[in-house]
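Student: I am new to this structure. Could we go through some of the terms used for it?

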Amino acid sequence: LTVRLNLESLQTALELVAERIDIQPSGNPASHISLRVTGVETPDVVRALGTYLVGCLAGAVKVDATLAARFLGSSFDVERELRRRVHRRIGADNDWSTETRRDWRDRRRNPWVAEAIAHALLMVAGSAQGSCVAGTIQALKPLHAQVTQQGLDLVGIYEDDEAALWLAVGECKATKSRASQELTNATGFYRELESGARDGDLVADLLMLEAALADEALDEIGEALWEGRRTYLPLVAYEESFDVTGRRPGLARLAAPREHRRVLLVQLSNFHAFFDDVADAARGSVGALIG
Amino acid sequence: MFNRGITRLLEALPRFGELDQARIRRLLSNAYADALDLSESTAGDEDHATELARLALALETHAVLAPSASADTVRACAFVAAEALSLADDLRDEAEPARPGPWIDARRYRRLEAGLLYLIAGYDANAAVVARKVRVLGALPDDMSGTTRYVSARAEDAVAQLRSVLMMRRGGRLAARRPPANAAPAARVRADLWRRLADAARRHTLWLRFADSEADGSARADLDELLEPLLAERASAYGDIALLARLLAMACDETGGRALRSLEDPDGGGHFGAYLEERATERPVMWPATQRYVGECLRGAGWHAAVAVPTGAGKSGVAELAVAHELDRGWALYLAPTNALVAQIQRDLEAALGGYPGFTVQGFLGGPEMTGAAEEVLPRAFDATVLVMTPEKCTLALRQAPEAFERLGLCVVDECHLIGERGTRGVLTELVVAHVLTLAPEARLLLLSALVANPEDLTAWLQTVTGQPAAAIREPWRPTRTLRTVLGFDRERFAPIYGAAEEERASAGRTRQAASAPAALLAGLQGAWQGSEPGDFMLVDTNISVPFEARPGSFYYSSNDALSAAAASLAREGHRVLAFIPRNRHWAFSVGARIDLADLANPLDAEIESQLVLAEYELGVGSKVRELLSRGVAVHTSALLEGERRASELAFVRNTAPLMLATGTMAQGLNLPATAVVIAGTQVGHDPTLTPAEQRERAKLQLLNAVGRAGRPQHATRSLAIVVPERPLIFDAAASPHEALAQVPFLAEEDAAGNVHSRLVTLIDRALRDDERTADMTIEELAAFAVLPLDVPDVDAGEVIGKTFGAWARNASNRESPAVIAGSLEKLGRRFLGERPRWLAEAAYLAGLTVEQTLGLHDGFLAVEAEVDKTEIAEWVDAALRAMSAMRINALAGIIAPETVRSTRCAAIFAPGTPDDTVRDAWQVLREATALWLSGATYDDIAALVAGPEARGRDERHQRAALPRVIRVANDGFGYGLTRAVGGLLALHEVGITASEEHDRWTLTPIEKRTLELAPLAVRRGCGDLSSLGWSRFARLPRRLSHLAAGVMPIPANASDEETAALVANRTELLVTEAIQEDWDITASDAAALRAWKQIVAE
């Protein structure tokens, strides 16, 4: 069994994201760094994001196909499985006529698309205009591909300008009008992370990056974790403005240093339309990604 | 909290910035103190939990990921990460139900990680403790269906199998499970990965247990196969499974390297192979000390070994493996210092080895007295047998059956530091070892101790005197950690309480005012109290309410009361508490009487109840032990009957009683593991024979040994030791240790190990100088004279001396010196003999007595011989007593210690300057008491005689009570001293008949000979006639029941051993059924005792 992914389309999508998206500091809050992310709503970026998130899902399907062949000795229809997963994650259409559907959109689809945006931003860190982290990504956990998958949303290892390794952990939220509250919720996640409650997931995630990291980096990760070299990257996609420059006590209490509490703000002019457009773009790119 | 083993392990940790050993130990100890939960306060808990989590994360990640990490570094990281994880788990005390699902819930997952990390670190007992907290969900919720149910069931399979790995138990078969038809590919993959992980875990446990039909050792390779695509594809959706698989793979490597099955069977089968397979079902991996013994001796060049490991670190495991290995070649001798230990080792070895056809474990209890009882004499051929005995008992074997040692393959000397013990025991043990080396030049010696700091000296000795290589195995690894603390009061909390009490006292015009205050514990965070940083100590607030008396300007407390309060509090927190009261062996009862844990005590089970019934039958009054056990308190002192001691041990081990009060020495060596140890005071019982320096050293060793008793590897890997100082301490917030250390300096020492020196060197020096003075001979020299084969045909005393540790230490193991020493000693011995016949020296050797003692018996016996009816055991015993009464006090004291009869009506025997008639009366009391003992009278009856009629019916056990004194007379006087004297009479007759010129004088009729041969054993068993002794010997009935049986079913006096055995075998069932049911002429208490004995035999 072979699954061929159209890597060229994916690469093109990422290059476009790197080229069109801009990340710039916004204000100077005492508790964290605010980074405003712009350019995501342009039509070609929307299409690129659609392609990228289907590419991520296709990668996961490819892994399952490989594992099924290896361990179960069986195969499955890869394109069908990809379509099934795309529909499970972003829906078969943009019909929001029922409360249940709207609830699913707000609680499942949109945050996942936001997660895909953050993932793409980390993928292009260093090459984009402005960067969500001050360094170069060495390894990044693949985007969550299964609806029920546990574990941390975004985990990456990057090297800063002084060649020290850092752990980057993202937590993504999407809300039209309650951005401040969602940022507080994301802060709660980081508090939980610092208490060690998610460390089992974290070690597992780091293990899965083993193949992508050089031996020197693998030797250094333990020390980086002990020294608290962590960058927190909460991302909030929202429409209604909130005070993005004020001090946030919850963020201030986190152990990571201020410059490593980096809030990514993705303000959208038309919140629902943006996510629907990305979903449409994704559904349209399935055929192009599977060879 | 951490000993040398941990220090050594942590030296391999990677350098992470400022993270060093001291900080790690402080952090872990702090967290343990928090987790002890001794007070309501939770201040600081959260900070500790966060830092612990960071430590665990960093070090687990390094262990799992760092390619350059050495094996030692991986072990160190794994250990600290596991400790941190399990402590963090303890700090989260809220109960969290296990949640089923395709992913294992976080808490169970972290526990599995912690357990596997412990295995990777080589701490399997710790892994098992963690595993007990991992719940396996046997049934999934009814509302869980379809694919989720299928994958979740597979996840639970993995939890169950991983738990089995952690506990080293055999995993159950994996259930066949079929995926629902509509299961998505990812779900099928996830379920299959769980299955593969579970299967690998199961097959590893099977492989460890030699279950080759089901496992081929490929589990490790299968894990690699599972991991390779997951990691190559960065299949992060399965990272949770991949991490467990990686940890399991590392654990497989570690446990595989320590697996019993990795040992080659020298004969490709045989007993050793069978042993390994059977042992692997219980404990399939070796602990480090055993592993090193295997590496250095069984596989390496080492022939002998001296193993120095901490308490609870697998010393007996080394011995067991060595014994099992040896039994394919010959027999093994296992020497242990006390009869209680002999009994325990016998039980343990029987459990480990007794199940194989051809293996025999035989315990020889009793003393060194000469005896003719067949069961007390070593058989001539006993391959595949291990004989367990005390060195004292072994002296008898060496004297009576030297030829039996020719095929000895291995001699284990447990607690070998006893060689350096002052008094008779050290000398005796050293000479026994030397004699064994002489008779069995091919035998391996295995010396074991937790208290030896110079094993290299011991191996140099063995190497020199045998020419065989010897390995010194110094292995500081220990599976448990102990937080050392001192009890006192926190000034801030204590001041207002004291102030209020003082005010009340003053206003009431009293001289003292009773009050109580919460105790604080000053804890050393670095293990031994050696740290110097402010953070090396911390103050732990507790809810332990300690009574004190406010006095004008000061206050007072009783360390025993404080001990009671601390021990009871800890028991209520769920600890298994060993509380030592080293200063006085009688205080255990009085302290115990003030503690009530009845609500924690479980009902006495049938075996414990039966042991108590039998003890009370012997006593003739109720047992105070029963009273204490009913309140949840066990006791362990020398002033107990055997049944009481066993009942106490069982009650503590089975958690019928969560608290045991023990004297400083009694619980040493016994397997009575506890999670907390409390020690009252720092003084141990006074020994007038010791110099002040020796007394201090003895106290230090006892107290450190008591601290070392904390820790139960299979149940709680972290434990607590609290020392309650004699004078109360007030702690300041700065938690400075200086004032506490002034009172408890021993806490600064790592362990109780000290250098062992031979006690024979003085004697050897004297002999080399040819010093003939005898007047100033020490008790050690006299003891040496009693067991050395001087002037004995066919035995070369010089050779024995030449093989001693002392001769090696004096560089006198060469060709000439031993002969010079032996010649000099023989000359010394002959000075005692004077013109008396030389054969008396041989009789002395055979009896294990000095020449002077033997001469005294000889002369005394001949003086009364005409009045002795030699067909009666009691008459022989009385003759021995009469002969002893004519001895010099010093010679007599070597047979019966004056301490034995102190504060009794017999005490005048040893009082210098006492009028003759008073001494005569004292002897008369002792003779009558002996007669009572031999006739089956109760201890109460004997107490009424030796302590006066007012002692009758009194069950007290306090210091001035009669019963403890009578128990001492019975144990030490009858059971040890008098048996040796009666054995002396036997030796005189055995040697006299062939060697004496007046051999007719020593000739006995067959019945007289048989009576005398059995008399020493009869004294020990308290059976003054052949009928009751027959019941005691062949039915193993206790003393008074033997008399009861002899009363209702007598055995003819002329019955041979075979006939007696047959009669007893035929009648025992009648005794325990019909005698009870048909109400033979026995009392209700007789019947109850018989039922109890039947119950114990059934157990």
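Student: What makes D490(B) and F731(B) contacts of L539(B)?

Tutor: Contact means heavy atoms within 4.5 Å. Leaving aside neighbours within four places in sequence, L539(B) is in contact with residues including D490(B), A520(B), F731(B) and A735(B). So these count as contacts under that cut-off. This is a predicted model: local features need pLDDT of at least 70, side-chain atom pairs count only at pLDDT 80 or more, and totals for chains, interfaces and linings use all residues. Side-chain values use heavy atoms, with hydrogens and water left out, residues are numbered from 1 along each chain as its sequence is written, and chains are lettered from A and ligands numbered from 1 in the order written.

Student: Where does L539(B) lie?

Tutor: L539(B) lies in strand β10(B), residues 537-551. Strands are DSSP runs of E, at least two residues; helices are runs of H or I, at least four; both are numbered from the N terminus.

Student: Why are β13(B) and β14(B) called paired?

Tutor: Pairing needs at least two bridges found by DSSP. Here 4 bridges join the parallel strands β13(B) and β14(B), so they pair. A634(B) has M660(B) as its bridge partner in β14(B).

Student: What is the handedness of the crossover from β13(B) to β14(B)?

Tutor: The chain passes through helix α23(B), and this β-α-β crossover is right-handed. That means the path from first strand over helix to second runs clockwise, with the strands pointing away from the viewer.
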